[in-house]
Protein chains: 4
Amino acid sequence: MLNRNPAAHDVAHLGHLQLFTPAFDESVEFFTHYLGMRTHGSQGSSVFLRAWDDYEHHTITLTPRTTAGIGRTHLRAADEDALQRRVEAIKEAGLGIGWTDGEPGYGPTYLFHDPDGHEFGLYYESEWFQPEEDTRPALKNQAEAYPGAGVCVRRLDHVNFLGVDVEANRDVLRDLLGAKVTEQIVLDDGSVAGSWTTFTNKGYDAVYTRDRLGITGRLHHIAFATDSRADILRAADLALEQDVFIETGPHKHAIQQTFFLYVYEPGGNRIELCNAGARLVLAPDWRTIDWTEAERAKGQAWGLKTIESFHTHGTPPAPGQ
Amino acid sequence: MLNRNPAAHDVAHLGHLQLFTPAFDESVEFFTHYLGMRTHGSQGSSVFLRAWDDYEHHTITLTPRTTAGIGRTHLRAADEDALQRRVEAIKEAGLGIGWTDGEPGYGPTYLFHDPDGHEFGLYYESEWFQPEEDTRPALKNQAEAYPGAGVCVRRLDHVNFLGVDVEANRDVLRDLLGAKVTEQIVLDDGSVAGSWTTFTNKGYDAVYTRDRLGITGRLHHIAFATDSRADILRAADLALEQDVFIETGPHKHAIQQTFFLYVYEPGGNRIELCNAGARLVLAPDWRTIDWTEAERAKGQAWGLKTIESFHTHGTPPAPGQ
Amino acid sequence: MLNRNPAAHDVAHLGHLQLFTPAFDESVEFFTHYLGMRTHGSQGSSVFLRAWDDYEHHTITLTPRTTAGIGRTHLRAADEDALQRRVEAIKEAGLGIGWTDGEPGYGPTYLFHDPDGHEFGLYYESEWFQPEEDTRPALKNQAEAYPGAGVCVRRLDHVNFLGVDVEANRDVLRDLLGAKVTEQIVLDDGSVAGSWTTFTNKGYDAVYTRDRLGITGRLHHIAFATDSRADILRAADLALEQDVFIETGPHKHAIQQTFFLYVYEPGGNRIELCNAGARLVLAPDWRTIDWTEAERAKGQAWGLKTIESFHTHGTPPAPGQ
Amino acid sequence: MLNRNPAAHDVAHLGHLQLFTPAFDESVEFFTHYLGMRTHGSQGSSVFLRAWDDYEHHTITLTPRTTAGIGRTHLRAADEDALQRRVEAIKEAGLGIGWTDGEPGYGPTYLFHDPDGHEFGLYYESEWFQPEEDTRPALKNQAEAYPGAGVCVRRLDHVNFLGVDVEANRDVLRDLLGAKVTEQIVLDDGSVAGSWTTFTNKGYDAVYTRDRLGITGRLHHIAFATDSRADILRAADLALEQDVFIETGPHKHAIQQTFFLYVYEPGGNRIELCNAGARLVLAPDWRTIDWTEAERAKGQAWGLKTIESFHTHGTPPAPGQ
């Protein structure tokens with residue numbers, strides 16, 4: 001019998017993320033006009049963004065900065081007790097930073113960092129989003145009205161960090177935060193070049209892939225879920241028409257079988273649009289799938305060769321990129 | 001702060017179901033040729049069936065019987081400890097029957113019943129499915145090869161029982177088994193006519209709706225998930241071509257927003273094909289959505305009036321039906 | 001050997017239509033915000049509308065009027081000679097009215113009427129649409145940029161008139177204009193209750209169905225094509241969210257197998273959104289499909305019963321409707 | 001005013017094709033099990049194949065041969081007079097071979113060749129397909145029952161020849177057979193490297209692209225239409241699962257905007273699965289779209305670089321390939 005992770009289910013899901021952009025106005029336009037997200041307030045120079053089925057106050061905090069990249073990644077705990085338990089574990093591991101007020105709409109947040117230097121915040125209190133009259137949904141089991149313009153991403157789906165030491169970072173998610181490791185890339189030398197982890201029944205919520213340039217604290221991409229593969233084809237049509245840069249796709253990943261499209265927002269951050277079909281990881285004793293170098297060399301699921309920039313482009317960009 | 005259900009996450013997911021049919025051969029043909037499921041062994045007069053992404057030995061046990069209906073519904077516990085905790089709670093509530101050997105591929109199973117008389121089995125041990133050479137999937141993160149013939153349902157999705165007392169039955173799922181109640185139909189007199197509950201991040205795994213004929217122990221329908229709404233339109237095309245009876249749909253439910261098609265298998269059991277898009281219930285403090293009589297009177301999401309048989313047809317059929 | 005219709009191919013396709021609405025501002029909002037069409041100029045109290053892949057100046061002329069309904073239906077001839085040939089035939093049949101200047105973007109137009117009193121215009125000269133900088137498409141084989149907001153109908157698809165004498169009206173399309181009759185509803189008494197005719201390889205461009213109220217000159221609906229059935233499901237989602245009245249659908253017609261959604265624009269005219277998949281009528285000797293009363297009683301393709309208003313609602317509305 | 005092509009509409013559509021394969025049994029398996037076509041009789045060593053909505057006797061004649069490649073391409077005339085007119089024009093141009101009996105289900109056929117040596121047959125008489133009891137469609141406006149297994153291609157869509165002199169070959173289609181030239185690749189030196197022509201309202205039925213290896217009489221690919229882009233994604237899933245070689249795609253062409261997947265059948269012939277959405281060429285005065293070298297260098301519509309084999313692989317294969 002496999003033992004259940006004692007931290008399992010203490011983190012409920014990925015919450016909200018801070019994103020930096022050197023092209024603020026264009027980035028806002030990308031998130032609203034192209035992706036079809038809505039702004040929900042602002043603070044200082046930052047603007048808050050949300051997808052139509054995100055139930056919390058916001059999921060993206062967009063802030064102008066000289067270089068692109070990811071700021072703090074917030075995770076929502078399952079309840080107050082779970083929050084306290086995870087904070088204790090993090091403190092014990094020596095990764096804690098301390099408590100801070102949450103962003104607007106969010107309660108007390110405990111800050112910490114992974115071994116790679118990415119900053120995280122853990123919180124429980126969250127003010128549910130209340131739509132205004134003009135964005136009230138027709139069906140009351142939905143957070144906000146379906147916008148009908150742009151890609152209309154449904155919700156924030158996952159974050160994919162670059163990390164110098166994938167295993168050390170993964171261990172934090174698994175051992176301190178209760179994540180399940182669903183799939184990995186294991187190189188011929190036995191080292192782990194990529195690790196997909198989940199807090200939910202989705203195949204993955206947080207991913208580390210190896211930073212081939214050896215730079216710490218970078219972002220590979222963040223991803224938003226659409227309801228169907230057809231939505232992603234339409235997103236490609238829209239990208240072409242709206243002059244959004246398509247890096248690769250639409251195509252299907254072998255890992256996790258996600259149907260994907262990768263674009264760059266004007267600030268340079270890579271954004272994925274993804275659809276998993278009805279695929280869920282339901283097994284409580286799921287066995288981590290290991291992908292070998294030989295298997296990875298086959299390319300994506302239907303044979304598309306992985307584009308070179310996928311191995312090098314991250315934010316902040318490497319010096320000289 | 002809401003208190004988390006102490007039983008939360010002890011049940012991992014809906015496992016496998018027993019279904020009875022008075023038209024055995026035709027029912028097998030329906031599940032294999034129309035739905036695109038595969039048989040996986042047999043025992044006595046029963047045959048075991050599985051969808052291509054079900055990871056366990058089987059999800060449907062189909063058995064010939066003079067009348068259609070549902071037999072035992074099995075739920076998988078998260079681990080051995082969780083299994084023991086739930087068994088204790090069930091015993092304490094006086095609903096326990098006792099231990100039995102599991103079906104082929106499954107370990108010791110604790111039997112109990114709900115107040116309506118539907119039988120359940122709770123288990124943890126499960127033998128993961130191993131594909132034969134000719135059904136080995138191209139991608140190793142998938143249980144079995146995509147069959148490519150028929151509807152190709154991905155996995156068993158949920159069960160919808162009829163119950164004389166919806167609230168009493170719901171309480172067992174919630175209080176003894178740790179389910180979350182996500183949506184309900186609450187009549188003008190305050191009584192609950194339908195209750196949707198979940199053990200996972202899906203909107204629902206097990207549902208009770210009121211048996212208007214006042215009969216106990218009946219089934220409204222079982223449901224299989226497809227990857228897209230397009231798959232369900234194709235399922236309707238196939239039903240037309242293969243002479244499968246379509247009761248209603250394709251259309252979209254207001255409750256849970258599921259895109260659906262309802263057909264009857266040849267034995268008379270109602271089968272739903274469903275797709276939820278990327279919709280998930282991620283909030284640990286999800287607040288139950290209550291639908292009123294007035295809201296229900298509007299019909300399905302896009303205005304389709306609910307067909308009369310939806311309120312009366314169940315299996316076993318009522319005397320005279 | 002079947003003889004080819006001597007008028008075949010003289011009419012190239014359905015061109016542009018005049019539509020009347022008693023709720024002008026709301027109707028404009030419907031066509032632009034909901035359907036995703038664009039305005040292209042105006043004249044007097046009328047506004048011109050076009051879908052993104054319509055290659056001509058406009059396809060809908062929307063005009064305020066006390067009652068809803070259809071004005072003139074324009075057909076484009078294949079060339080000048082074809083235009084002259086058809087005008088001669090119409091004159092000979094005593095249905096001609098005379099020449100007039102075309103609407104903006106269109107050349108000389110010959111006016112005539114069908115036996116039911118619907119007015120038609122036949123023209124050849126047409127000024128191809130030239131997009132402005134901000135609606136220039138990314139691909140130059142497309143008329144205008146894909147708008148990305150609303151349903152995004154691709155092009156005007158067909159018109160369905162109500163007629164007191166379906167056969168007399170159909171004969172004009174077939175014998176004077178060269179249409180092919182692809183499918184019909186033939187009642188038990190041998191009379192034709194519906195006739196689907198085409199000038200192209202589409203299954204139908206112009207349809208007459210019997211006006212059960214015996215009123216002349218009415219419209220049953222006009223239709224716009226979308227690229228997929230998924231687009232029509234999305235159109236239903238948008239209708240729900242934008243409070244557009246859905247009469248029936250989405251579902252699939254048995255006749256012509258079109259996937260459909262019927263909505264009413266705010267002025268009361270019925271609008272269909274339709275998708276035919278890859279279905280085309282390519283056979284030069286296509287044999288008209290006759291549907292019997294018994295076959296029609298089965299409802300739509302997947303069994304949906306035809307809604308009562310489908311048999312009575314037309315524009316202008318009947319007195320008292 | 002543009003003058004209409006005097007031969008316009010004399011050819012109704014692409015009819016049936018002969019295909020050669022050095023791996024006959026595997027190729028039959030590909031067409032039936034993967035594509036979901038059905039066999040319809042045989043003659044000598046050849047087998048006849050048809051898609052479920054092809055209305056004629058068959059559309060592919062598959063014959064074992066030491067090398068892959070295309071045999072005769074048949075076009076159906078609009079009627080007997082049109083057939084005679086085209087035969088006269090072909091004779092006059094010195095490309096005629098003579099009359100022969102048609103294949104089973106087809107009447108007298110006039111043989112000729114294009115300047116590149118590809119053989120053609122022109123016919124009018126055609127025996128409409130009559131389904132057997134077990135493949136009778138549920139809807140009588142459809143040729144045969146939707147098979148429900150494999151890709152389920154709807155109909156033969158187009159043929160793409162390789163030609164040493166694209167212009168000379170195109171001129172035959174346009175001037176002798178009445179095709180409309182809808183799009184072309186025009187190199188910087190003014191020569192035409194690709195020409196898309198149509199007999200119908202589809203964007204193209206017959207295409208010539210330059211044979212970069214300078215070999216005559218080769219095939220680039222034949223294509224089958226599916227009802228949706230979703231069907232093509234599913235075709236890619238099936239190809240992966242059934243070990244069918246995917247050359248490139250799914251992706252969208254800039255030229256004609258077709259959504260595509262290219263696979264090789266086991267004999268080596270390239271097969272395209274294509275969907276055009278609702279796109280049609282309706283304008284009688286359509287102006288040929290010319291694509292420049294610079295525009296082609298951008299790759300496919302969404303940026304996929306054209307795979308090298310697309311420029312070299314044809315059947316029969318070049319010596320040494």
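This is a predicted model: local features need pLDDT of at least 70, side-chain atom pairs count only at pLDDT 80 or more; totals for chains, interfaces and linings use all residues.
A residue is called buried here when its relative accessible area is under 20%.

Side chains of opposite charge can pair when their charged atoms come close. Over all chains, the count of salt bridges comes to 88. One of them joins the side chains of Arg86(A) and Asp10(A), with 2.9 Å from N to O. Arg86(A) sits in helix 2 (residues 80-92) of chain A, while Asp10(A) belongs to the segment before strand 1 (11-21), so this pair ties together parts that are 76 residues apart in sequence. Asp10(A) is buried too, with a relative accessible area of 2%.

Another salt bridge pairs Asp237(A) with Lys252(D), and here the closest N and O atoms are 2.6 Å apart. This pair crosses between chains: Asp237(A) is in helix 4 (residues 229-242) of chain A, and Lys252(D) is in strand 14 (residues 245-252) of chain D. Both ends count as buried, Asp237(A) at 13% relative accessibility and Lys252(D) at 8%.

Arg154(B) and Asp227(B) form a salt bridge whose closest N and O atoms are 2.8 Å apart. The two residues come from distant parts of the chain, 73 residues apart: Arg154(B) is in the loop between strand 8 (119-123) and strand 9 (155-163), and Asp227(B) is in the loop between strand 13 (219-225) and helix 4 (229-242) of chain B. With a relative accessible area of 4%, Arg154(B) is buried. Back in chain A, salt bridges that share partners bring Arg155(A), Asp157(A), Lys202(A) and Asp205(A) into one network.

Next come the cysteines. A disulfide is a covalent bond between the sulfur atoms of two cysteines. A search of the whole structure turns up zero disulfides over all chains. Cys152(C) itself is buried, with a relative accessible area of 5%. Cys274(D) is likewise in no disulfide, and its nearest cysteine sulfur, that of Cys152(D), is 15 Å away. Cys274(D) counts as buried as well, at 3% relative accessibility.

Ser46(D) is part of strand 3 (residues 46-50) of chain D, and at 13% relative accessibility it counts as buried. Which residues does Ser46(D) contact, leaving aside its neighbours within four places in sequence? They are Thr61(D), Leu62(D) and Thr63(D). With Thr63(D) there is also a polar contact between the side chains, at 2.6 Å.

That leaves chain A and chain B. Chain A can be laid on chain B by a turn of 180 degrees and a shift of 0.0 Å along the axis, with an RMSD of 0.0 Å. The two copies are thus related as by a two-fold rotation axis. Of the interface residues of chain A, 100% are also interface residues in chain B, so the copies meet through the same surface.

The size of an interface is often given as the accessible area lost when the parts come together. Between chain A and chain B, the buried area is about 4,400 Å², and carbon and sulfur atoms give 56% of it. Trp128(A), Lys140(A) and Asn141(A) supply 16% of the area that chain A buries against chain B, more than any other three residues. The contact takes 52 residues from chain A and 52 residues from chain B.

Polar and charged pairs turn up across this interface too. There are 24 residue pairs in polar contact between chain A and chain B, and four salt bridges are found across the interface. Asp285(A), for instance, forms a salt bridge with Arg76(B), the closest N and O atoms being 2.8 Å apart. On the side of chain A that touches chain B, the elements giving two or more residues are strand 1, strand 5 (69-77), helix 2 and strand 17 (289-291) of chain A.

Methods. Residues are numbered from 1 along each chain as its sequence is written. Chains are lettered from A and ligands numbered from 1 in the order in which they are written. Side-chain values use heavy atoms; hydrogens and water are left out. Helices (H or I, at least four residues) and strands (E, at least two) are DSSP runs, numbered from the N terminus. Buried means under 20% relative accessible area, exposed over 50%, partly exposed in between (1.4 Å probe, protein chains only). A polar contact is a pair of N or O atoms within 3.5 Å; within protein, one must be able to donate a hydrogen and the other to accept it, and residues adjacent in sequence count only if both atoms are side-chain atoms. Contact means heavy atoms within 4.5 Å. A disulfide is a pair of cysteine sulfur atoms within 2.5 Å. Copies are superposed by least squares on the C-alpha atoms of residues with pLDDT of at least 70 in both. Buried area is the accessible area (1.4 Å probe) that two parts lose on being put together, summed over both.
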